[in-house]
Structures are given as C-alpha cells and as structure tokens.
Amino acid sequence: MHCLATRSILLLAAMVALSGCAVDTGDSPTEEAARLITSASILSDVKALSADEMEGRGAGTPGEEKAAAYLRERFLEIGLSPVNGSYFQTVRLVGQKKVAGGSSLSITGKNRKKLDFASDETLTYWSTAQKERVQISDAPLLFVGYGVEAPEENWDDFKGVEVDGKVLLFLNNDPPVTEAGRELFGGEARTYYGRWTYKFEQAMRKGAAGAFMIHTTPSASYGFNVVQHNGSEEHFALDLPGSGYQVDLLGWIDEATSNRIAQAMGSSLEDLFDMARSREFKPVDTGFRVSATIQNEIRRLETRNVLGMLEGSDPELKNQVIVFSAHYDHLGTNPQVEGEDKIFNGAWDNASGTASILSLARAFSALQPRPKRSLLFLACAAEESGSLGSRWFVAQPPFDRSRLVGNVNIDMAQIFGVTSDISAIGLGTNSLGEALQSVASRQGVAVVGDTDPNAGSFYRSDQVNFAKAGIPALFINPGEDYREPLGFDPEVYHDQHYHRVQDQVNDKWDLSGAERDMRIVFEMVLQVANAEPMPRWNEGNEFEEEWKELHGKK
C-alpha cells in the first residue's frame, strides 16, 4: 500500500498505526507514536462515554454495561489483547442500606443518661457487616486516639489493649508530631493512616463491634455536610470475604457532640487531640456505652472492569506489568434532581480520564519496538462507590500480583487548555515521580505535587488500592498555571459541575492541555517500562514494607 506524502503528519502517523506503512516524517518512533495522542481523539471518546444513552454509567446499570461494551470495542480496535481470554473482569458487589424505621442507636453515660443527638445533623450511623440485622448491647465506647499502628514510625496507639467487642472512637487525620526537627507521618501531607477508611479497616482487623469518627472540619478537610447523610444512603462493598471494612456499626459524630463526650470524661475535645499526639497514648474508656439495632436491606449485583494488554518486547521484563487506570463509571440517573435533566453524564469525571488512557493505548500500540515491560489498560468500575473496581482487580488479579510493578491513574484530566505545569499526586513517594520530572523538565514543564496535601487526595481514587498492595502508583492531575487567561475561575467551574448533571462537554473545554499532559505521561511510562530496575517506593515510605513483601525483598 502506498502512502500519500501530501497528507498531514498526524494523518500519516495514524495511517502508520493502521496500515503499517513506513513514513519518514523526521520524527523518532517515540515522537511519531506520541503524535497519535490528540485532543480530537480524546474528545471523541469523551462524547461517546458521556452521551445520554450511557445513562450516567451507574454501577451495575444497563448504562454502565453499554459503556463497558463500548470500551471493549475500542480496546479491540486499538489492538490490545484480552487478558485470560476476555476483555472483562466481573466484579461482585454487595449493596447495603439502613432501614431507618427498623434501626436505632443510643449512647449512654455513666449515670445512664443518654447522649442527645439529632440523627444526620450531628451523628450519622450505618452498618457494613453485610448482615440483614445487627444488634449491639452496652458495648464500651473506647477512645483510641488516631488509631494508628505504623511500624516504620515505631508508633502504636493500641499498646496491646484488647478492643474486641468494643466501639472505637477515632480522631481523623495523622498524629501531628515533630521529633528532633522531623515531622512524622509526612507532616502536613496526609498519609493513609490519616484516612477514615484506614480507621474503619483497623476496627475490622481488631474485631471491634463498631467505630465512630470524630469530625472536625480541619481534621477532615471538609464540612460535616459531606458525611451527614451516610447513614441514609446505600453503601457498596465487594462481595469478597474480609474485604474493606465489614463492621457491625460505623458512624460519624460532629464536633459539638464529640465535645460533649469529652466533657463527660472531664476533658475537652481539644484535650483529646493533645492527648493523642503523644507516643505514650493508650486507649481510654470514655465511660459511655453504645447500643444499636440496625436493619439492612441487602442486594447483590455485578459490574465489570474492562482491561486490555499490550505485551512487552523483552523476554524477561515483559512478565512485569505497568497498569494505566481510569474509572469509567459515574453516578447514573437520579429522578429526584430538579429540572428535566436527570442524567449525570460524567464527562469530566471520568470520561475524560478513560478517554485519556484510550489515547495512550493507541500510541503505545503504534510504537515499534514495543516497550520492554508489558502495559495493561484498566477501565475501572464502581470507583464512585468506593474505588471498588480497582480494589477487586488488586485483590483478584488475573495473574500473580507480584507481576504488577507500577500504576498510573488518571481521574479528571485537564480540560481547560495548556498549563506550564502538571500535577502528580504521589510525587516524591516513589520512582515514578522522578521519571515524570525527568521527561517534563525536558519539555519545560514543571511537575508539582498535591496542591492540597491535607485533603489526602492520593487515597481517594483508584491508585490507592495499588499502593496498599505495595505497587508504586502516581495520580496524574491537571496543572493550574495556565499559559492563556481562561476568563473564568476553574474552581468555580469545578463546584458547579462536579457530581452534577451539568458535567457535560461545553464551550469552555479545551483538550489541548490533556493532549500535552498525556504525551508527557506516554514518554514517562516508556522510560519506566524500558528501564532495568522496576519502580519502587522511596525509602521510609508508608507502603515500602508492602513492596518488599510483594517482591520477596524482606
């Protein structure tokens, strides 16, 4: 087949990918492949995934099924191979919703006086035990501080105290401690020990009957309104023994109610925070007892991850796999939303990220020679339900978990044009960040870390499940230093569109920034995939021990 020299470089590169012609554009093979990452191709996939016919891609819905089928076809067109004979991985979920009329909670002090609280407004509770009915009677409420056990910091908040059958009262965030001029637990940047999910997992590991989180806006980085309806909403978990946090009673208590508990202990909430920042801290009985009855509606459903593989070229290194991930699910439809539009299209969150990994897959598929390590492209299900698709993938990988050596996650790509920077949450924690800085600096682009480190964003999307298993991960985010004035405030746009029916492609979108960012990511991963050493966590990182265990380096 002959190629026409009068075509544009982009079209020639695309024809090379599709027909195998050799075209001399003057670019290196890497540059030619990178040119296949275009704003037009990203936009095309975003529009398809966020179309009304996809019905918001809610977990386990027909709309999500349509999106999964679309992604399978795109993986096939691009040239990715199925994994173990399929482009799909079934994910089993359990939905749990508290029946308000059949549920009750009381917290009683030493004098048998009940603690007053207005449900949802000051205290919210539910169960994740995957049981239709749970019963707790007079369980001691034990204050466990931050509830942290961190061997790398020689920190233990439990001190061997038996907590089985008790309800644990946790503080949010990490212990704010400085010793000999060194800030423990990353200082201002929240570690996984500071996430509420870690606290609830601790409750399950310890055999506790329940767990309450003390909420303050500074310690959580968001208001109580964000969590106050948890007790009335359906919660999803993996239908997998021992997964996540399966506890009879969970809840959040607001600051004022928590302070009343502290005062009944002869203290104050501020004093409890001060007490818990000491290495000598050990659990304290609050004097309160908790009784609860929770009636649950239980339903089981299935969804699917979509995955495709590009095998590496090196006989040995191809057994190591770098995973690109992006969640393709969103919030579905909600008939309670005001107005005619009931569909949460999720164009930015996260059709943009899913379209971005499709563009990366297309570029890598066209590259010759292929990277030495294998690449797996994973469109995750049920992220909006608690990053459950990626959690399932890591818990039930299609091959030995030790083959997974790195993860790059994309959630809400750059949609407002080109910036002079790119953000990588997780920068400074592992060698992936060093590779990104190396590539970006050659293009005059600055790499910044998390712009709001106390929010713990690294632990709030799919990359966290890879990290918890010891797999070095990086979360790519848009930069904020725009090269051209926008004429509007990106933060205001975010607030007006994030998790709203308004999240659709509109005239403010400019995907030239996503194109530039993904080309940088392409070269970064290519560098990592061809390097002799596998990615690793930096020394002393909270996930380093899991990495050593995963690869038998202990």
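Against which helices do the buried residues of H3 pack? In this predicted model, the buried residues of H3 pack against helix H4 (62–78), H9 and helix H14 (512–530). Helix H3 itself spans residues 39–49, and its buried residues are Ser41, Ile42, Asp45, Val46 and Leu49. These residues cover an arc of only 135° around the axis, which puts them on the same side of H3. An α-helix has 3.6 residues a turn, so residues three or four places apart point the same way.

In one of them, the ring centres of Phe324 and Phe364 lie 5.9 Å apart with the planes at 40°, so the pair is tilted. Because Phe324 belongs to strand E14 (residues 321–327) and Phe364 to helix H9 (residues 347–366), the pair ties together parts that are 40 residues apart in sequence. Phe324 and Phe364 are both buried. A second pair is formed by Phe458 and Tyr459, whose ring centres are 5.5 Å apart; the planes meet at 85°, so this pair is edge-to-face. Phe458 has a relative accessibility of 7% and therefore counts as buried, the limit being under 20%. Tyr459 is likewise buried, with a relative accessible area of 8%. Phe458 and Tyr459 belong to a cluster linked by ring pairs, in which Trp155, Phe185, Tyr192, Tyr193 and Tyr198 also take part.

The charged end of Lys206 sits over the ring of Phe158, at 4.6 Å from the ring centre. Arg403 lies over the face of Phe399, and here the distance to the ring centre is 4.4 Å.

Gln463 is located in helix H12 (residues 463–468), and its relative accessible area of 0% makes it buried. When residues up to four places away in sequence are not counted, Gln463 touches Asn407, Asn409, Ser457, Phe458, Ala473 and Phe475. The C-alpha atoms of Gln463 and Gly406 are 9.8 Å apart in space, while the two residues are separated by 57 residues in sequence.

Strand pairing was examined for E1. Strand E1 (residues 88–98) runs antiparallel to strand E13 (residues 284–310), and 11 bridges join the two. Within this pairing, Gln89 stands opposite Asn305 in E13. Strand E1 is also joined by four bridges to strand E11 (residues 235–238), again in an antiparallel arrangement. The bridge partner of Leu93 in E11 is Leu238.

The loop between strand E3 (123–126) and strand E4 (133–143) contains Ser127. With 2% relative accessibility, Ser127 counts as buried. The side chain of Ser127 makes polar contacts with backbone atoms: it reaches the backbone nitrogen of Ala129 at 3.2 Å, and one of its polar atoms lies 2.8 Å from the backbone oxygen of Asp248. Apart from neighbours within four places in sequence, Ser127 is in contact with Gln96, Val134, Val247, Asp248, Ile294 and Asn296.

Gln130 is buried, with a relative accessible area of 17%. Asp138, which lies in strand E4, also has a positive phi, about 50°, although it is not a glycine. In contrast to the buried Gln130, Asp138 is partly exposed, its relative accessible area being 37%.

Finally, cis peptide bonds were identified. The peptide bond from Asp349 to Asn350 is cis, with omega near 0°, and Asn350 lies in helix H9. Another cis peptide bond joins Gln368 and Pro369, where omega is about -5°. Pro369 is placed in the loop between H9 and strand E15 (374–380).

Conventions
Residues numbered from 1 in each chain as written. Predicted model: local features only at pLDDT ≥ 70, side-chain atom pairs only at ≥ 80, totals over all residues. Heavy atoms only, no water. Buried < 20%, exposed > 50% of the residue type's maximum accessible area, 1.4 Å probe, protein only. Contact = heavy atoms within 4.5 Å. Polar contact = N/O pair within 3.5 Å; in protein donor to acceptor, adjacent residues only side chain to side chain. Phe/Tyr/Trp six-rings, centres within 6.5 Å; stacked < 30°, edge-to-face > 60°. Lys NZ or Arg CZ within 6 Å of the ring centre and 35° of its normal. Pairing = 2+ DSSP bridges. Arc of directions from axis to C-beta.
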